[in-house]
Amino acid sequence: IDVFLARSLLEKLYLFQYPIRPASMTYDDVTHLSAKIKPKQQKVELEMAIDTLNPNYCRSKGEQIALNVDGTCTDETSTYSSKLMDKQTFCSSQAASNVSRYAAAVYKKGELHLTPLHGILQLRPSFTYLDKADAKHREREAANEGGDSSQDEAEDDVKQITVRFSRPETEQARQRRVQSYEFLQKRQAEEHWVHLHYYGLKDSRSEHERQYLFSQGHGLAENTELIKSPSEYLMMLMPPSVEEESDKPMAPSNVLSMAQLRTLPLADQIKILMKNVKVMPFANLMSLLGSGTDSTAVLRCIQQVAMLVQGNWVVKSDVLYPKDTSSPHSGVPAEVLCRGRDFVMWKFTRDRWVVRKEVAAVTKLCPEDVKDFLEHMSVARINKGWEFMLPYDEDFVKKHPDIVQRQHMLWMGIQAKLEKVYNLLKEHLTPKNQEAQSGHPLLVSGEQRVNMAKAKVKQNYGQLEKEFQKQKAETKSNDTLAKMDVSNIRIKEEPVSDEEPMDTSAYEGMNNGIVNGLHREDSMDSLNGHLPGGCIDRVAQELKAFVSSTFKKQFVLTLSELKRLFNLHLASLPPGHTLFSGISDKMLQDMVLDTGCKQILVPFPPQTAASPDELKVYALWEAGDTYDQHRQVLLEIFSKNYRVRRNVIQNQLSQECGEDLNKQEVDRVLKVCFCSVVGL
């Protein structure tokens, strides 16, 4: 198909988009009363007649609108001279700011003729007549409120006039005024309307103008824009990238693309990468810098902005906290922040684990600043501490021993400064274990851990049995010295958040190196009840005695509270006691059920913040006292709802037990049955 470009209506052809009307009614049937346009603004207003004889037209509503707009008097300024709303105004708005991609096409005899559009305008109903009606209404109200005033009163009314002298307008003030919305509206209002004439679809003038949609000449001179070589045509379809970059949105000031980054010097590239990433292995840094980058030059630059920690590079503190800056959390100056962060980095050079409370106690910084330091280079592990973010990079340490030695000397100097500033104790200078001092952790599979733990238990069992018999003999002879006064122990209970694990170092010391009855060197996961038969029987007897005595004192306990009481009980026992052989949570729960207790399935709400151990509730079903029946009724009630009103409990007790209990008696039953009422 041959394509031709018609130029006769260039910069004159507009596309009008009218509101949707019934399919049986075309716009050629509508009487256009008047039309006008502002060419510079491409703004059009059309007045169209409304068919007042149509059965769907509400005549009373039309008369009411005309009365509200024009009032009772009719003159040339009236909007509706017929005292009836018989016309409607449509005002245009631009549908697209750039219409250079749109054209009107006419297909005729195998030829396609295109005429570029100068504008696309959407016509919508204008309701300016409502504004005129509101103005009339306000005028009438003002006239009624003001009333008639005499001429003398008007002459006697003295008004104060303020005279101001305008100062010369500066260039900046003039630019602001020109760009203001008020000035633009004024400029638009100053443009004069150009009145138009509307010709119908079948009018002879319309037929004549429609011929201009066809190209007047088919010669090459008329259509040079459409005659291009293949390379020129492809260039028009895909313009050069320079033109595309002008349309790209500007990136934020703190965002730099990799293409822009590689245009900077090598030192600036490394500084920007380390400042954003914080911790990075050397291999990853080389991959980001691109192929062909000299590794020797990179090593020379990286040492200026980062320090070596466990074979990985961590950005220096003075790069993150430049001079004359301060903390966004506490306002502490940058020098203090750098010292605190250097202490955290130095701790990670000696161990893979750091406890936040220890860092806060030494540096005396606020928790938010300490948390920022740790988040830069580590991740939180529940009940363990903060672990260094990346594994030990053994490859880099082996390939570059000179760099490692130089970094070690730098850390020795930083350590000397930290000792003077923070008065570090010997426990801060000594690594917790040799495994952490070596740099990388020893990876052991789960099966190996189980086998190692079993072998160690069998190896030490004979020695533990001898020590236990010896301790038992000493306990009988001097019972008062062996027991610990549990009443003097004050347990500080703090909520354990998801963000940071609980520091258990002090508690481990009180339990003589055990966690829930297990020695640390004997893995808790490795035992699982694999002990010699005689030892198991003694452990079961001791555990049963503890559970029975505990539930006789407190009839209802959660698993969390029971474990806390069990740990207190362990603390009161001498070293080498049978219960130190290892008590798992499952063994403890099974023993609770074996002693005549039952698990109460309290329907806690799903959005509760309680831990799983706090949701497991156990109760003694039969204690052998007079309140067994009352206790069982109460437990049945709480198994159906976690929150129960007192009057419901009173009614249920009265029905089940056949007793008419008053409020004081109900309180006494609750106090006797439940030492701590669950869910009440």
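The model is predicted: local features need pLDDT of at least 70, side-chain atom pairs count only at pLDDT 80 or more, and totals for chains, interfaces and linings use all residues. Residues are numbered from 1 along each chain as its sequence is written, and side-chain values use heavy atoms, with hydrogens and water left out.

**Exercise 1. Which residue forms a salt bridge with E47, and which strands hold the two partners?**

Step 1. Let's start with the criterion: a salt bridge is a side-chain nitrogen of Lys or Arg within 4 Å of a carboxyl oxygen of Asp or Glu. The structure holds 14 of them.

Step 2. The partner of E47 is K87, with the closest N and O atoms 3.8 Å apart.

Step 3. E47 belongs to strand β4 (residues 43–49) and K87 to strand β5 (residues 87–94), so the pair ties together parts 40 residues apart in sequence. Strands here are DSSP runs of E with at least two residues, helices are runs of H or I with at least four, and both are numbered from the N terminus.

**Exercise 2. Find the salt bridge partner of K563, and decide whether K563 is buried or exposed.**

Step 1. K563 pairs with D585, the closest N and O atoms being 3.2 Å apart.

Step 2. K563 lies in helix α26 and D585 in helix α27 (residues 585–594), so their contact links parts 22 residues apart in sequence.

Step 3. Now the accessibility, where buried means under 20% relative accessible area, exposed over 50%, and partly exposed in between (1.4 Å probe, protein chains only). K563 has 18% and is buried, while D585 has 28% and counts as partly exposed.

Step 4. Other buried residues of α26 include L559, L562 and F566.

**Exercise 3. What lines the second largest pocket, and which element gives the most to the lining?**

Step 1. A pocket is an open set of points on a 1 Å grid over the protein atoms alone where a 1.4 Å probe fits, with protein on both sides within 12 Å along at least five of seven lines; lining residues have an atom within 4 Å of a point.

Step 2. The lining has 27 residues, of which L13, Y14, F16, Y198 and Y199 lie nearest the pocket's centre.

Step 3. Helix α6 gives the most, with four residues. Among the elements that each supply at least two are β2 (14–17) and β4.

Step 4. Within α6 (residues 204–210), R205 and E209 sit four residues apart, about one turn of the helix, and their side chains meet in a salt bridge (3.4 Å, N to O).
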